[in-house]
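Good morning, and thank you for joining this group meeting. I would ask you to keep the sequence and the structure in view while I speak.

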There are 2 protein chains.
Amino acid sequence: MSSSSPPSPHPAAPADGPGASAPVTLGAPGPAPEPDALAAVDPAALEAALAVVRRGCQELIVEAEFRRKLARSMASGVPLRCKLGLDPTAPDIHLGHTVVLNKLRQLQDLGHTVIFLIGDFTSMIGDPSGRNVTRPPLTVEQIRHNAVTYFEQAALVLDRARTEVRYNSEWCQPLGADGMIRLASSYTLARLLERDDFSKRYAAGQPIAMHELLYPLMQGYDSVALRADLELGGTDQKFNLLVGRELQKHYGQEPQCVLTMPLLEGLDGVEKMSKSKGNYIGISEAPGEMFGKLMSVSDVLMWRYYELLSARSLQDIAQLRQQTEDGRNPRDAKVALAQEIVTRFHSAAAAERALEDFEARFRRGAVPEDMPEVHLASAGAGLAIASALKQAGLVPSTSEALRSMEQGAVRIDGQRIEDRTLMLTPGSYVAQVGKRRWARIHIA
Amino acid sequence: MSSSSPPSPHPAAPADGPGASAPVTLGAPGPAPEPDALAAVDPAALEAALAVVRRGCQELIVEAEFRRKLARSMASGVPLRCKLGLDPTAPDIHLGHTVVLNKLRQLQDLGHTVIFLIGDFTSMIGDPSGRNVTRPPLTVEQIRHNAVTYFEQAALVLDRARTEVRYNSEWCQPLGADGMIRLASSYTLARLLERDDFSKRYAAGQPIAMHELLYPLMQGYDSVALRADLELGGTDQKFNLLVGRELQKHYGQEPQCVLTMPLLEGLDGVEKMSKSKGNYIGISEAPGEMFGKLMSVSDVLMWRYYELLSARSLQDIAQLRQQTEDGRNPRDAKVALAQEIVTRFHSAAAAERALEDFEARFRRGAVPEDMPEVHLASAGAGLAIASALKQAGLVPSTSEALRSMEQGAVRIDGQRIEDRTLMLTPGSYVAQVGKRRWARIHIA
């Protein structure tokens with residue numbers, strides 16, 4: 001994990017504010033190149049870079065500003081500072097979390113710097129009102145541990161050499177109660193209540209503890225301390241990202257741009273990917289599992305995953321898509337995607353083995369191109385194998401299911417199942433009974 | 001100026017909150033006397049003490065709680081801690097400010113401790129939003145200077161030996177940004193918006209900067225740090241005083257009681273005493289001026305001043321009032337009050353001299369008991385003497401006024417006026433033209 005050198009003195013007050021005890025300089029101000037230098041930037045290169053940044057994104061605020069930042073960086077050679085704020089509480093990440101990481105990697109490949117910002121300061125506080133039991137305070141050790149775990153996973157996507165890891169306690173701790181009051185003075189209540197969930201709660205008479213209103217300001221202050229040029233986040237983070245923009249203006253800085261990425265759909269192609277919905281691919285899942293899950297997605301979802309998860313260029317993807325539309329088996333594109341992802345999180349060799357295993361299994365069973373899709377509900381609990389086979393219509397009764405298993409006629413994802421007590425946890429499976437009966441079972 | 005020993009560790013978090021890093025103990029917990037000891041308190045003495053505390057007050061919240069505190073203190077001999085928070089920006093005090101100081105003195109005379117709390121912490125910050133130009137940040141030196149000036153004036157009323165002077169930077173500084181967040185977590189937005197001016201501003205769409213919402217919490221936190229039993233303030237402070245009560249509960253302390261005092265009416269008997277309205281008596285005004293101004297108040301207002309400003313017991317005052325109602329000249333009571341006040345802020349000798357001067361002047365003029373009361377408006381600018389005499393109906397024209405002055409026939413407060421350009425600033429005056437024409441002129 002790379003870590004940056006200590007920053008300049010923290011911003012105790014806005015440089016132009018009446019309460020400022022001293023003018024503030026934070027980090028290295030980006031050199032402003034001559035207008036001539038900007039004019040010398042190749043417009044085609046600029047547009048190409050912008051297209052990479054825009055790829056798959058939900059919103060880029062404000063595009064014209066970002067174009068200027070990009071042009072200035074290209075002219076001066078000073079990389080843009082692209083911030084991703086992280087709550088160090090949930091280090092077990094799935095492909096949905098990597099959408100933003102992919103975007104950051106694309107920015108790194110364009111020469112820019114990524115700041116992997118660990119929000120350790122507020123995590124050490126937790127939710128002191130005690131209203132939110134899922135947010136207990138974390139110890140410094142837990143936070144460091146989670147951050148390392150998170151970064152080790154993220155580094156499978158990011159370029160370590162262009163990643164700066166920072167902890168916001170670095171500037172939040174020395175802020176002090178007085179700095180907190182100055183920070184609070186830079187924003188009005190009305191603007192904070194513009195946040196959708198705040199306004200709804202206020203209107204509904206649900207309590208909003210005062211510290212909840214301070215958290216967006218703390219997050220925005222991180223952008224000031226880091227002199228961020230761009231902040232990334234999910235669409236649900238848009239309000240907080242915009243606060244950073246406003247605070248930077250208040251502290252006399254050029255405001256950051258904001259890039260929101262969509263939430264990735266899960267394997268079902270409908271709901272957003274989430275562990276609790278069972279429609280996810282964890283990035284530390286075994287190569288075979290990861291490969292199989294990716295092969296199970298629909299063709300439509302495959303192209304979405306290409307856009308948001310693949311490192312391939314948009315041109316490459318467009319070409320592949322054209323070939324598929326011209327009659328090439330979509331399975332080829334799916335295999336290529338699954339191999340790319342498994343290679344990223346494991347290795348090329350592991351991806352190769354996963355493909356071979358997958359093909360071997362399907363050769364044994366000669367998996368048909370089309371088979372019935374069956375959706376079964378289990379409220380997240382999973383289903384016993386016999387019950388799943390019956391509900392999928394592959395056997396007339398559970399006793400018939402058990403008999404078939406005894407005869408070695410039942411396969412799940414190509415593997416013969418003999419354990420009569422096997423539970424199928426929520427997820428998608430290719431189920432086979434005998435030679436002819438097939439179904440793709442989705443258990444939710 | 002007495003100053004206390006350093007306090008126990010500051011309360012970083014509520015003792016019972018989930019974010020508490022350690023249980024909190026602040027100051028010396030008052031020993032809880034046995035129920036037997038409480039029962040041994042003389043009920044008559046308790047009621048007498050309570051009557052002293054209630055004298056002239058606007059509200060005592062919650063009286064039953066305060067009665068228990070008082071009884072416990074009487075049983076245990078542990079004084080109650082009575083807090084007065086001060087903004088160290090306006091050290092020039094008038095009689096209106098001494099209403100609360102008198103109440104504190106009464107509490108001291110009952111054996112309790114007064115905490116003279118200088119809000120230096122937020123004064124050093126000022127209003128960082130820059131919206132409030134009357135609240136620039138003060139330096140430590142300015143604050144100390146103002147506090148000393150204020151205390152030197154207040155000590156004319158207070159008992160120095162029973163006064164603890166504290167500065168809230170003592171616990172606010174070490175609070176840190178994290179302590180500030182914990183403090184904010186203990187209160188909801190909705191409860192802060194119950195404050196009248198906040199709710200009006202919010203409803204009117206006027207901006208409320210976030211730090212303004214933090215200030216009542218800081219003030220309340222002072223009560224936690226001081227383990228206050230009682231906090232005093234003007235009626236306009238009621239909301240903030242109640243916040244302290246709530247925060248103490250949150251931090252596991254017995255809540256303070258709240259005693260609000262009315263705003264003292266100025267010399268006109270109508271508007272509250274204020275420097276800008278010119279209806280005030282500054283406590284450092286010369287003895288003669290102070291005496292004369294007190295002699296100019298109406299008989300009704302005199303009794304109000306007795307209640308709120310005099311150190312005499314309520315019994316004494318009731319007796320004096322009875323005598324007056326039975327035919328004694330109210331002037332005697334007014335002289336006694338004026339002498340008491342001048343003695344307090346100057347000396348007994350100065351009060352004696354002031355009375356003699358006053359009487360000598362009036363002997364010259366034989367001031368009638370009754371004379372017309374005339375209220376003149378000048379929008380605070382004052383009036384030229386000739387114009388005031390004409391408007392008061394004492395002369396038919398300003399040229400007649402000037403002629404009377406030339407003849408030495410015009411007196412203001414017993415003094416012959418020959419300066420034709422004299423301006424009468426806002427205030428009350430006894431004006432006399434010749435032997436017969438009198439008026440009490442109130443200029444606003």
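**A walk through the model**

In chain A, the buried residues of α14(A) pack against α4 (98-109), β6 (257-261), α13 (287-295), α15 (314-325) and α16 (330-345). Before I go further, please note that this is a predicted model. Which residues of helix α14 (residues 299-309) of chain A are buried? They are Leu301(A), Met302(A), Trp303(A), Tyr305(A), Tyr306(A), Leu308(A) and Leu309(A).

Let me place this helix in the setting of its chain. Chain A has 444 residues, and 51% of them count as buried. Its secondary structure comes to 19 helices and 13 strands. If we take the contacts in chain A between residues at least 6 apart in sequence, 70% of them join residues at least 24 apart.

I turn now to chain B and to its own helix α14. Two packed helices are described by the angle between their axes and the distance between the axes. For helix α14 (residues 299-309) of chain B and helix α16 (residues 330-345) of chain B, the axes come within 10 Å and cross at roughly 40 degrees. An angle under 35 degrees would count as roughly parallel, and the range from 65 to 115 as roughly perpendicular; α14(B) and α16(B) are therefore oblique to each other. The crossing in which α14(B) passes α16(B) is left-handed.

Which residues meet in this contact? From α14(B) come Asp299(B), Met302(B), Trp303(B), Tyr305(B), Tyr306(B) and Leu309(B). From α16(B) come Pro330(B), Ala333(B), Lys334(B), Ala336(B), Leu337(B), Glu340(B), Ile341(B) and Arg344(B). By class, the residues of the contact of α14(B) with α16(B) divide into 10 nonpolar and 4 charged, with no polar residues.

The next pair of helices brings the two chains together. Helix α11 (residues 210-226) of chain A packs with helix α8 (residues 176-185) of chain B at an angle of about 140 degrees, and their axes are 6 Å apart. Roughly antiparallel would require an angle over 145 degrees, and α11(A) is thus described as oblique to α8(B). On the side of α11(A), the contact is made by Met210(A), His211(A), Leu214(A), Tyr215(A) and Met218(A). On the side of α8(B), Ile181(B), Ala184(B) and Ser185(B) take part. The contact of α11(A) with α8(B) has 6 nonpolar and 2 polar residues, and no charged ones.

I continue with the aromatic side chains. How many aromatic pairs does a search of the whole structure find? Over all chains there are 11. One of interest here is formed by Phe116(A) and Tyr150(A), an edge-to-face pair with 5.8 Å centre to centre and 90 degrees between the planes. Phe116(A) lies in strand β3 (residues 113-118) of chain A and Tyr150(A) in helix α6 (residues 140-154) of chain A, so the pair ties together parts that are 34 residues apart in sequence. Are these two residues buried or exposed? Both Phe116(A) and Tyr150(A) are buried. Ring pairs also link Phe116(A), Tyr150(A) and Phe151(A) into a cluster.

Ala155(A) has its place in the loop between α6 and β4 (163-167) of chain A. With a relative accessibility of 13%, Ala155(A) counts as buried. In sequence, Ala155(A) and Leu101(A) are 54 residues apart, whereas in space they are 9.0 Å apart, C-alpha to C-alpha.

Finally, I wish to draw attention to some details of the backbone. In chain A, Ile61(A) and Val62(A) are joined by a cis peptide bond, with omega at about -5 degrees. Val62(A) is found in the loop between β1 (59-61) and α3 (63-76) of chain A. In chain B, a cis peptide bond joins Ile61(B) and Val62(B), again with omega at about -5 degrees. Val62(B) is in the loop between β1 (59-61) and α3 (63-76) of chain B.

Arg227(A) is not a glycine, yet its phi is positive, near 45 degrees. Arg227(A) sits in the loop between α11 and β5 (230-234) of chain A and is partly exposed, with a relative accessible area of 21%. In chain B, Arg227(B) has a positive phi of about 45 degrees although it is not a glycine. Arg227(B) lies in the loop between α11 (210-226) and β5 (230-234) of chain B, and with a relative accessible area of 22% it is partly exposed.

Technical notes: Residues numbered from 1 in each chain as written. Chains lettered and ligands numbered in written order. Predicted model: local features only at pLDDT ≥ 70, side-chain atom pairs only at ≥ 80, totals over all residues. Heavy atoms only, no water. Axes fitted to C-alpha atoms, helices over the stretch in contact; angles between N-to-C directions. Helix = DSSP H or I, 4+ residues; strand = E, 2+ residues; numbered from the N terminus. Left-handed = near helix turned anticlockwise from the far one by under 90°. Contact = heavy atoms within 4.5 Å. Nonpolar A, V, L, I, M, F, W, Y, C, P; charged D, E, K, R; others polar. Phe/Tyr/Trp six-rings, centres within 6.5 Å; stacked < 30°, edge-to-face > 60°. Buried < 20%, exposed > 50% of the residue type's maximum accessible area, 1.4 Å probe, protein only.
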